[in-house]
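Please look over the sequence and the model before turning to the points below.

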Amino acid sequence: MTSLRTVRRGRWAAAGAAVAAVALMLPTGSSASAASAAAPYDSYYAAAEGKTGTALKSALHGIIKTQSKISYSAVWDALKNTDQDPNNTNNVILVYSGRSQSKSTNGGGVNDWNREHVWAQSHGDFGTSAGPGTDLHHIRPEDVTVNSTRGNKDFDMGGSAVSEAPGSRTDSDSWEPRDAVKGDVARMIFYMAVRYEGEDGYPNLEVNDSVNGSVPLHGRLSVLKQWNELDPPDAFEQRRNQVIFDTYQHNRNPFIDHPEWVGAIW
Ligand SMILES: [Ca+2]
Ligand SMILES: [Ca+2]
């Protein structure tokens, strides 16, 4: 502030130089805000700073494995918060369908919503006890029948259009979500691969480049990397990460904060 005023006083004496000085100062201020927006939670990620490849993956694992865990029944209420429709606080947004639907219509009916495990449960056999099966970073609300149609398919491009999930496609062995959540899906899968490394009785989840339903793998890596680029984190996804951090698990999805770390690891 002081130096800006100094520059402004000086501009009458040396208008050209002062304009140049102001021009130099403003980008300094804006680049500081841009840097903090692009690199949030620097202290949270301090152990990962400057790392790449397996060293980065290992550092991130060490950071995000410190978390609280919630029960599978508690996931219902958590999703009503994490996936709340920003335009209607009575509703949640269904991940694949994109539909805004009353929070109170969770259940087993064909048009109810339920808890979709984006990392398919059978790709790790982790069930629904507190742990990967209740990890909010990869569980989203979805229409019951759409959830069932997705089943445990890997993620890949192509197939036929899906009723009740506009923009999604599926065939016998893969699921393609609508464009607006392609990146969300990719970053959820990458989170799971880093969070779960075979400790505490949980499987070592990893991403592969196949659509073969192998355990404990999930695909398809090359497509998920493209989706991370195609659909960068938006306000909904960032708020979701923050709510999980602040209120439920106290750990973050690093790939929402730093989508460039996908390419640095894989
Ligand atoms: Ca998105
Ligand atoms: Ca892993």
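Predicted model: local features only at pLDDT ≥ 70, side-chain atom pairs only at ≥ 80, totals over all residues.

Which residue in β8 is the bridge partner of A161? The partner is R169.

- Strand β7 spans residues 160–162 and pairs with strand β8, residues 165–170, in the antiparallel sense over 3 bridges.
- The hairpin of β7 and β8 has 2 residues between the strands, and E164 takes a positive phi near 75° there.
- Strand β8 also runs antiparallel to strand β9, residues 174–176, with 2 bridges joining them.
- The hairpin from β8 to β9 passes through 3 residues.
- R169 has A161 as its bridge partner, and in β9 the bridge partner of R169 is E176.

**The calcium site**

- The calcium ion (ligand 2) is coordinated at 2.1 to 2.5 Å by A193 (O), Y196 (O), E197 (OE), N204 (OD1), L205 (O) and E206 (OE).
- Along the sequence, the spacing of these donor residues is A-x2-Y-E-x6-N-L-E.
- The arrangement around the calcium ion (ligand 2) is octahedral because the 6 donor atoms subtend angles of 72 to 177°.
- For six octahedral donors, the ideal angles at a metal are 90 or 180 degrees.

- A193 counts as buried because its relative accessibility is 0%, and buried means under 20%.
- E197 has a relative accessible area of 24%, so this residue is partly exposed.

Terms used: Residues numbered from 1 in each chain as written. Chains lettered and ligands numbered in written order. Heavy atoms only, no water. Donors = N, O, S within 2.8 Å, 3.2 Å for Na, K, Ca; no water. Tetrahedral: all angles 85-135°; square planar, octahedral: opposite > 155°, others 65-115°. Buried < 20%, exposed > 50% of the residue type's maximum accessible area, 1.4 Å probe, protein only. Pairing = 2+ DSSP bridges. Helix = DSSP H or I, 4+ residues; strand = E, 2+ residues; numbered from the N terminus.
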